[in-house]
Each structure stands twice: as C-alpha cells, then as structure tokens.
Amino acid sequence: MASPLFLCILLVVFGSYLSTISAVGNGKQSFVVVSTRSFQTQDVCSTSRSTVAPRPNGAAVPLVHRHGPCAKSPSTDKPSSFVEALRRSRVRADYVMSTMQMQDQEEGEVSIPAHLGTFVDSQEYVVTLGLGTPAVEQVLLLDTGSDLSWVQCAPCNSSDCYLQKDPLFDPRKSSTYAPIPCGSDVCKILQSDHHLNNGCSMNGNGTQSQCGYRVEYGGGSKTSGVYSNEALTLAPGVIIKDFHFGCGYKQGGPNDKFDGLLGLGRAPESLPVQTSALYGGSFSHCLPSVSSGTGFLALGAPSNTSGFSFTPMTHFMDDATSYLVKLTGISVGGKQLRIPRKVFEGGLIVDCGNIISHLPTTPYAKLQSAFRGAMAAYPLIPSDDGDTCYNFTGYSNVTVPKVALTFTGGVTVDLDVPNGLLLDGCLAFAESGPDDYVGFLGNVQMRTLEMLYDVWGGRLGFRAAAC
C-alpha cells in the first residue's frame with residue numbers, strides 16, 4: 001500500500017496537471033499543445049478552411065498574405081522578422097499617437113502632421129480585384145486605417161512610378177474610365193479633407209478640369225494623381241459602377257512593389273462607404289493563421305449573425321477613419337489578470353494594417369508577466385528591449401497558454417494558438433504608452449477570426465475559426 005506521503009505528492013502533481021489542461025470556469029482547455037511546424041509557412045497554398053458567412057446581397061473575395069504562396073504576385077521582400085514587424089508597427093502606432101498629442105494641444109496650436117496617413121509598409125494582406133472595362137487585375141493592400149483607394153496608372157516612367165510585377169492600370173484602355181471633374185460634389189468632398197486635397201490640374205486653355213489627390217503615409221511613402229471614376233470588379237458578374245479611386249501618376253518612398261491600396265476606413269472615400277447603398281456599410285474580413293492559408297474580404301452583412309459576438313464600436317477622437325473598441329480584461333491560461341478597468345479607457349484602434357497589438361503600460365506588463373510564467377519551461381532569448389521571445393530549437397511540440405481578450409459587453413475572444421499570439425517565436429504584443437492611452441488591435445491577433453464591421457450599427461462582431 002502506498003504511503004500517505006506518496007499519495008499526497010501524487011495528488012499535488014495530478015492537481016497541477018489538471019490545472020494546466022483545464023480552463024477556469026468554462027471547462028475548456030486553457031493550455032494547448034502545438035507542433036512547432038504550425039509556426040511555419042508551407043510552400044503550397046491551402047484554401048480549405050475559409051467559411052464565409054452567407055450573405056444574400058453581399059460579395060466576397062479571397063484574401064491572402066502578400067508573402068505567401070497564395071498571392072498572385074508574391075512580394076519581393078522577405079517576410080517580417082519580429083524585430084522588423086515591431087519596428088513597422090511602432091512607426092504606424094507612433095503616427096496615431098502624435099496625432100492624438102497634437103489634438104490635445106490648445107485650440108489654435110494644432111499643426112498638420114509632417115506625415116499624413118498611416119504607415120503603408122506594415123500592411124501584410126492583399127486582395128486581387130479587377131479595375132476598368134475590360135477588367136485588369138490589381139493586387140491591393142488591405143487597410144482599415146485608410147480611406148482613399150489607389151493604383152499606379154500608365155503612362156508613368158520609372159522615376160515617377162516604382163516597378164510592380166503586374167501591368168500598370170492604363171485608363172486609356174478602359175471604356176468606363178473617367179476623371180472626376182473639379183467643381184463636382186465628389187471632388188468637393190475629397191478637397192474638404194486637407195490630407196487628400198491636391199488641387200486641380202489645368203486644361204490647355206487654362207481652365208481647371210481634373211480633381212487631384214495626394215496621400216503621404218507615416219513611413220514616407222506617398223502617392224498623387226487624378227481622382228477618378230471607374231468600374232470595380234469584385235468577382236465574376238459582381239461589378240461596382242462609379243467607384244472613386246486615385247489614379248496614381250507619381251509615387252515615392254519605400255514602397256514594396258504592390259499595385260495599390262484598398263481603403264476600408266469609415267470616411268466617404270472608402271470602399272464600404274461608397275458601396276453603402278448596395279451593402280449597407282457593413283463588411284468583414286478573416287485573416288488566415290499562416291501566410292500559406294487563405295481568408296476573405298466580404299461586403300455586406302451576413303443573413304444570420306447568431307454566430308457572432310458583438311461589442312460597441314466607435315471612432316478615435318475626431319478621426320473620421322478609425323474603428324475603436326474598448327478592452328475591459330485579459331486572461332492568460334484561463335486566469336483573469338487583475339487589471340484596473342480604468343487603464344483601458346483609451347480604447348483599442350482596430351487596425352488590420354498594424355502587425356502587432358499595442359497595449360498601455362499596465363495591461364502589457366501584466367500580460368507579459370503572466371505569459372512568461374506560463375511559458376517558463378522554454379528558454380527565453382535575452383532582449384535589450386524587454387521583448388518576450390523564445391528559442392524553440394529542438395522542440396517538436398510546445399505547450400502554449402490560451403490568451404483571451406474581453407471587450408465591452410462581456411464579449412470574450414480567444415486568440416488563435418499559436419499564430420494569434422506568437423510571431424517569429426515572440427509574444428506579438430508591445431507597449432503603446434501610459435495607462436489610458438489608446439492601444440491597437442493588430443492583425444496577428446485577428447487571425448482566424450471573422451471581424452464584422454457593422455459601421456451604421458456601431459458594433460464590431462467576432463466569429464471564431466472562420467478561416
């Protein structure tokens with residue numbers, strides 16, 4: 001018969017084991033054993049997991065990672081390491097923070113930012129759409145932090161346009177192209193935003209004719225040209241007539257050979273607002289867990305939203321573009337972290353163009369500490385910046401804690417394990433600034449979730465395991 005001491009030790013060990021595999025309260029697993037191969041991108045495109053919620057009057061297009069094998073024209077640069085992803089994300093976040101600080105100044109002292117728009121080089125997901133008649137395929141970066149869509153247009157020499165793999169869109173070859181006239185209502189709306197207004201071009205007789213646009217992004221990239229009207233093909237037989245976009249004849253900065261950008265913000269120039277009469281201003285996207293997978297971008301609301309959990313959504317301060325939600329709590333390994341709710345008051349900007357999520361000081365420190373404690377079995381790579389990165393060399397499997405984010409209304413979202421948490425072996429979160437500052441929900445944490453932006457309803461929906 002076993003001794004009482006042995007039985008006591010056995011109970012302690014078994015109890016510790018149970019606490020590792022069981023969640024608190026809901027009976028779900030709070031730790032997940034994953035193969036280290038699940039961190040790696042495969043060489044073959046996989047399309048089997050995407051499940052678009054049915055839409056009676058909507059449209060959906062495939063969405064892929066620009067570095068992955070599913071991309072029509074894979075990006076020429078290398079996928080971001082964690083260090084590079086963090087740098088790009090911080091540049092993008094710093095732009096928004098600088099805007100907030102300027103808006104906090106006394107009235108009359110607010111100046112226009114030196115760099116306008118967001119940081120284009122942090123965007124990672126693309127869709128392929130058709131522009132013009134006949135339709136010419138264009139691979140466009142997806143960005144919820146931008147409104148105006150644009151492509152490079154011919155004729156354009158190498159000093160004014162960067163090289164791209166796909167042919168430039170040539171408006172002279174399209175039967176449905178038309179520049180938007182200066183003085184038109186559409187041009188006046190564009191010009192009311194001094195960030196986008198680029199005046200008007202002149203006819204040969206000295207009269208103003210075409211509406212100009214310009215966008216300068218936080219990373220130094222910029223584009224300018226003619227604000228134009230064209231047919232946009234989402235899928236065979238699904239054509240958006242009179243789509244307004246920028247026909248770019250002059251680009252500059254560290255662009256990455258993409259064809260252009262698709263703006264999904266909430267200002268009048270964005271695709272969701274332009275198509276609101278057709279699709280009600282709603283849209284959703286699902287970002288795949290790895291770059292060898294596929295997701296989707298869908299316009300319109302699903303016929304049945306019972307599979308979604310919704311939290312209230314608004315915009316950030318006076319920014320007409322952004323989508324803002326309120327975080328109220330974080331759990332790691334099934335355990336709710338003790339974080340005062342007041343430190344979340346700044347909210348989170350939902351930003352698919354930002355790679356890594358950013359949290360204020362206290363939530364970030366609590367999350368980092370709890371995650372490190374749960375991952376104590378694995379060697380931590382020393383970091384001068386205090387990042388949380390692991391060396392998984394020699395491990396075929398690793399045990400990773402679930403991390404859940406809770407939003408206003410009690411909506412709790414489990415992040416994908418491991419690809420919604422780890423990037424290049426590192427915890428894909430960073431610090432945004434002091435408590436109550438605005439944070440960012442980045443695209444790593446959005447992976448596998450269908451994110452439904454019900455703009456007119458003022459809510460954001462989450463549906464798990466959608467791609």
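**Disulfides, a buried threonine and a parallel strand pair**

Threonine 294 is buried, with a relative accessible area of 10%. In this predicted model, threonine 294 belongs to strand 13, which covers residues 294–299. Leaving aside residues up to four places away in sequence, the contacts of threonine 294 include Cys45, Ser46, Thr47 and Ser50. Leu63, Val64, Cys70, Pro288 and Cys467 are also touched by threonine 294.

A parallel pairing is found between strand 19 (residues 357–360) and strand 25, which are joined by four bridges. Within this pairing, histidine 358 has alanine 430 of strand 25 as its bridge partner. Strand 25 spans residues 429–433 and is mostly covered, since four of its five residues are buried. In a regular strand, side chains alternate between the two faces of the sheet.

The disulfide count comes to seven. One of the disulfides is formed by cysteine 153 and cysteine 247, with the sulfur atoms 2.0 Å apart. This link is left-handed, with -115° about the S-S bond. The pair connects distant parts of the chain, 94 residues apart. Cysteine 153 is placed in the loop between strand 5 (150–152) and strand 6 (178–179), whereas cysteine 247 is placed in strand 10 (residues 238–252). Cysteine 153 counts as buried because its relative accessibility is 0%, and cysteine 247 likewise counts as buried at 0%.

A further disulfide joins cysteine 156 to cysteine 161, with an S to S distance of 1.9 Å. The torsion about its S-S bond is about 95°, so the link of cysteine 156 and cysteine 161 is right-handed. Cysteine 161 has a relative accessibility of 4% and therefore counts as buried.

Cysteine 389 and cysteine 426 also form a disulfide, and their sulfur atoms lie 2.0 Å apart. The torsion about the S-S bond is about 110°, so this disulfide is right-handed. Cysteine 389 is located in the loop between helix 6 (361–374) and strand 20 (397–401), and cysteine 426 in strand 24 (residues 426–427), so the bond ties together parts that are 37 residues apart in sequence. Cysteine 389 and cysteine 426 are both buried. Cysteine 352 is buried as well, with a relative accessible area of 3%.

How values were computed: Residues are numbered from 1 along each chain as its sequence is written. This is a predicted model: local features need pLDDT of at least 70, side-chain atom pairs count only at pLDDT 80 or more; totals for chains, interfaces and linings use all residues. Side-chain values use heavy atoms; hydrogens and water are left out. Helices (H or I, at least four residues) and strands (E, at least two) are DSSP runs, numbered from the N terminus. Buried means under 20% relative accessible area, exposed over 50%, partly exposed in between (1.4 Å probe, protein chains only). Contact means heavy atoms within 4.5 Å. Two strands pair if DSSP finds at least two bridges between them. A disulfide is a pair of cysteine sulfur atoms within 2.5 Å.
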